[in-house]
Amino acid sequence: MRPNPLRDAWTSMHRRCNRPPGHHDYPSYAGRGIRVCPQWNVYATFAADIGPHLGKGWSIDRIDNDADYRPGNVRWATHKTQNRNRKNTLRACDVAAIRALYQGDCRSNRGGLSYQAIADMYGVGCSTIKNILLGNTWV
């Protein structure tokens, strides 16, 4: 049987959204209420809506990471694009808010919230917050 990357994407999409509690994918998909729209239960409909697989390095991506797999919310994307579309990806407005929340000297942690408190709010590591505040990374 020949490999079919489009069918593999369709199968994987359904698997992610139907995992039972306790499976490592559950909190990211089914546990958040992410579903596949009913018309995409039919492979031919999915294939017609999404178009042909674009080749190695491309996979399907939800544009709105909090919404279902459905027409208008799924695109072909590279790994780089998908990493920028994660629920824990910080954007320029987040960086400005982090700096405002901290409101202190980066070395002495005086003023606002701690690295850990801010990291918990944004779902990232403490070192990410520290690097943002020290100007070592980000926008």
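**Entry 1: helix α2.** Which elements do the buried residues of α2 pack against? I found that they pack against α1, β1 and β2.

Before going on, I noted that this is a predicted model, in which local features need pLDDT of at least 70, side-chain atom pairs count only at pLDDT 80 or more, and totals for chains, interfaces and linings use all residues. Residues are numbered from 1 along each chain as its sequence is written, and side-chain values use heavy atoms, with hydrogens and water left out.

My terms for helices and strands come from DSSP: helices are runs of H or I of at least four residues, strands are runs of E of at least two, and both are numbered from the N terminus. I call a residue buried under 20% relative accessible area, exposed over 50%, and partly exposed in between (1.4 Å probe, protein chains only).

Back to α2: I listed Tyr43, Phe46, Ala47 and Ile50 as its buried residues. Looking down the axis of α2, I saw these buried residues fall within an arc of 100°, so they line one face of the helix. That arc is taken from the directions from the helix axis to the C-beta atoms. On the face of α2 turned away from the buried side I found the exposed residues Ala44 and Ala48. After α2 comes glycine 51, with a positive phi near 85°.

**Entry 2: the cores.** I next looked for nonpolar cores, meaning sets of buried Ala, Val, Leu, Ile, Met, Phe, Trp, Tyr and Cys residues joined through side-chain atoms within 4.5 Å. The largest one has 18 residues, and Leu6, Met13, Trp40, Phe46, Ile50, Ile60 and Tyr69 touch the most other members. Two or more residues each come from α1 (5-17), α2 (43-50) and β2 (74-78). Of these, α1 gives the largest share, five residues. I also noted a second, separate core of 10 residues, which includes Tyr102, Tyr115, Ala119 and Ile129.

I then picked out methionine 13 and asked what it touches, taking contact as heavy atoms within 4.5 Å. Leaving aside neighbours within four places in sequence, methionine 13 is in contact with Val36, Trp40, Phe46, Ile60 and Tyr69.

**Entry 3: histidine 14.** Is histidine 14 buried or exposed? At 15% relative accessibility, histidine 14 counts as buried, and I placed this residue in helix α1. With neighbours within four places set aside, histidine 14 is in contact with Val36, Trp40 and Asn41. The histidine 14 side chain also reaches the backbone oxygen of tryptophan 40 at 3.1 Å.

**Entry 4: cysteines.** How many disulfides does a search of the whole structure find? I got zero, with a disulfide taken as a pair of cysteine sulfur atoms within 2.5 Å. I checked burial too: cysteine 17 is buried at 3% relative accessibility, and cysteine 37 is buried at 9%.

**Entry 5: salt bridges.** Side chains of opposite charge can pair when their charged atoms come close. I counted a salt bridge wherever a side-chain nitrogen of Lys or Arg is within 4 Å of a carboxyl oxygen of Asp or Glu. The whole structure gave me three.

- Arginine 19 meets aspartate 25 at 3.8 Å, N to O. Arginine 19 is partly exposed at 27%, whereas aspartate 25 is buried at 16%.
- Aspartate 66 pairs with arginine 32, with the closest N and O atoms 2.4 Å apart. Aspartate 66 sits in the loop between β1 (58-62) and β2, and arginine 32 in the loop between α1 and α2, so this pair ties together parts 34 residues apart in sequence. I read aspartate 66 as exposed at 57% and arginine 32 as partly exposed at 28%.
- Arginine 75 pairs with aspartate 61, the closest N and O atoms being 2.8 Å apart. With arginine 75 in strand β2 and aspartate 61 in strand β1, the pair ties together parts 14 residues apart in sequence. Arginine 75 is partly exposed at 29%, while aspartate 61 is buried at 8%.

**Entry 6: isoleucine 132.** I finished in helix α6 (residues 126-133), where isoleucine 132 lies. Isoleucine 132 is buried, with a relative accessible area of 0%. The C-alpha atoms of isoleucine 132 and alanine 96 are 9.6 Å apart, though 36 residues separate the two along the chain.

How values were computed. Polar contact = N/O pair within 3.5 Å; in protein donor to acceptor, adjacent residues only side chain to side chain.
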